[in-house]
Amino acid sequence: MFYWIETFGCQMNVHDSDRMADVLRASGWQKAESLENAELVLFNTCSIREKSEQKLRSEVGKLAPLKERRPELIFAVAGCVAQQEGEKLLARFPVLDLVLGPDNIPELPRLLEDQRSGAPPVARTVFDIDEPRFLTATADEKRVSAFVTTMKGCDERCSFCIVPTTRGPERYRSSDEIVAEVARWVEGGAREIVLLGQTVDSFRDPALPPAASDDPDESQFPSLLRKIADAVPRFDDANPFAPGLLRLRYTSPHPRHATPSLVAAHREVEILAEHIHLPVQSGSNRMLRRMIRRYTRETFIERAAALLASRPGTTMSSDIIVGFPGETDEDFEETLSLVREVGFVQVFGFKFSPRPGTPALKLGNDVPESKKSERLARLFELVDAQLAAHLATLVGTRVTVLVEGASKLGDAFTGRTQRNEIVHLARDLFPEGLELAGQVVEADIVSANKRSLAGAPTERAMIHLSTLPTHAMRVRTVEKRVLQVVA
Ligand code: SAH
Ligand code: F3S
């Protein structure tokens, strides 16, 4: 039995697709070589913007002829569109057999079994409110960088956002379970862990009473970061091939919980990356109010500055929406000025897209498409210039590169610094045949491109690498391939 999963959308969906693959493999399924020869085709969907939904429609259209040729093919839709639309999807797309919500992944094998024995198409989209389940990767999986879920759902209800509908209310995983999963990844060779949650910094340990604090925005997230750092072995420069955690990241925090204790954690917890992704959405107070973001421009700038000052050299990226209902040229200028003031080196910019059931629908969608495009282009132009200027200042500095794999052309190893900058290390600087994915390489930055850096390994790094034991080479980014046996 062979499956094929197509993933659309965010890291959360990537993570969910991995978990679906896990439960499928655990019940005898194998990954197909291609969509055409799969017996199960599963689309893990995204509904954050209208475009993502249109994409689903066109992809489903493409599958219809395949299903006509092979009626036994099971076609499933999971993820946010599945949760949002439920049974309506089955009515709209007769080729569909199964609609699966993000909280129903463990039920996938059973539902497929039903389908294979001729059950009618079914939609299963029930949130696990009372007993939230957090799926862990199977023990034999190895990765350089791994996502670990700490919470799911979102209680914020930003006026534009569909996530609270598609992912339900906030539910947290116990810190012991989180630490255990982090430890397991690290033991298996992971060098970087990315904690994952919709408002990852609102974390409250379900096993503990609420934090004793007068600040309603105070969470137990900083304690979680400290707990992970204390419990998990760290990467040791003197023993560079032993298991150990080099970097801890998280995504995405809500600025509301970026309180002084989070800043203190960044100052004191060494393994925290010197890079923070902090979504701002807009630099205009009028827009922030309409977006129900629950902070002002001034608070955001103050909090971002405190985080950036927590450790010298820390960089920041953000999410920004342009063309939110009622956004004037002046409002947008405020966004650009905030981008300058904070000095973001990367921005995920989006045109406002009205979503079903969100409060912003009542505000209309009055910024013309051409205006949205123009604003987005100006935003990217500014951020590109800030990134290029930042990268240029790094020439001549020494960095620690966590190598993730090979560059697209294959002529370099590519990795990231502690600040998340991309670094290419030319292959011909290393002995032939050396596989560096998963290795930590000290490098000097020799030049800067528009979006990345070029580095050269230091002498010390070369001495370390010359002792690279063969077993260390097995920690790869690539997943194990299952060979398909054609009968
Ligand atoms: N806290 C979540 C946010 C998910 S949505 C996280 O973990 O990343 C990711 C980004 O999409 C948001 O920060 C926002 O900038 C953008 N976005 C969400 N809803 C949108 C909409 N209706 N139109 C345009 N962009 C949107
Ligand atoms: Fe969406 Fe706001 Fe939550 S952007 S995911 S409602 S924090």
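Modeller: Ser252 sits in the loop between β11 (247–251) and α9 (260–268). Strands here are DSSP E runs of at least two residues, helices are H or I runs of at least four, and both are numbered from the N terminus. The model is predicted: local features need pLDDT of at least 70, side-chain atom pairs count only at pLDDT 80 or more, and totals for chains, interfaces and linings use all residues. Residues are numbered from 1 along each chain as its sequence is written, chains are lettered from A and ligands numbered from 1 in the order in which they are written, and side-chain values use heavy atoms, with hydrogens and water left out.

The peptide bond from Thr251 to Ser252 is cis, with omega near -10°. Ser252 also reaches ligand 1: a polar atom of its side chain lies 3.0 Å from an oxygen of the ligand. A polar contact is a pair of N or O atoms within 3.5 Å; within protein, one must be able to donate a hydrogen and the other to accept it, and residues adjacent in sequence count only if both atoms are side-chain atoms. A polar backbone atom of Phe160 is 3.0 Å from a nitrogen of ligand 1. For Ser353, a backbone polar atom is 2.8 Å from a ligand nitrogen. The protein covers 86% of the 540 Å² of accessible area that ligand 1 has on its own. Such areas come from the Shrake-Rupley method with a 1.4 Å probe; for residues, only the protein chains shown count as cover.

How many residues surround ligand 1? There are 14, and the closest are Phe160, Gln198, Gln281, Asp319 and Ser353. To count, a residue needs a heavy atom within 4 Å. By class, the shell holds 5 nonpolar, 5 polar and 4 charged residues. Ala, Val, Leu, Ile, Met, Phe, Trp, Tyr, Cys and Pro are nonpolar; Asp, Glu, Lys and Arg are charged; the others, Gly among them, are polar.

Go to β13 next. Ser318 lies in this strand. Its relative accessible area is 0%, so Ser318 is buried. Buried means under 20%, exposed over 50%, and partly exposed in between, with a 1.4 Å probe and protein chains only. A polar atom of the Ser318 side chain lies 2.6 Å from the backbone oxygen of Leu278.

Now follow Phe160 and Gln198. They are also among the residues around ligand 2, whose shell includes Cys154, Cys158, Cys161, Glu156 and Arg293. That shell divides into 6 nonpolar, 3 polar and 3 charged residues.

The rule is a side-chain nitrogen of Lys or Arg within 4 Å of a carboxyl oxygen of Asp or Glu. Arg294 lies in the loop between α10 (285–290) and α11 (297–308), and Glu156 in the loop between β8 (151–152) and α6 (163–167), so the pair ties together parts 138 residues apart in sequence. The two ends differ in cover. Glu156 is buried at 3% relative accessible area, whereas Arg294 is partly exposed at 46%.

Phi of Arg294 is near 65°, a positive value in a residue other than glycine. Ile292 is in the loop between α10 and α11 as well. Its phi is also positive, about 55°, and Ile292 is not a glycine either. Ile292 is partly exposed, at 38% relative accessibility.

Finally, the salt bridges elsewhere. The count comes to 40. Arg173 and Glu177 pair at 3.0 Å, N to O. Arg173 is buried at 1%; Glu177 is partly exposed at 36%. Lys371 and Asp329 pair at 3.3 Å. Lys371 lies in helix α13 (residues 369–392) and Asp329 in helix α12 (residues 329–342), so this pair ties together parts 42 residues apart in sequence. Shared partners also join Asp103, Glu107, Arg110, Asp114, Arg124, Asp128, Arg133, Lys152 and Arg171 into one network of salt bridges.
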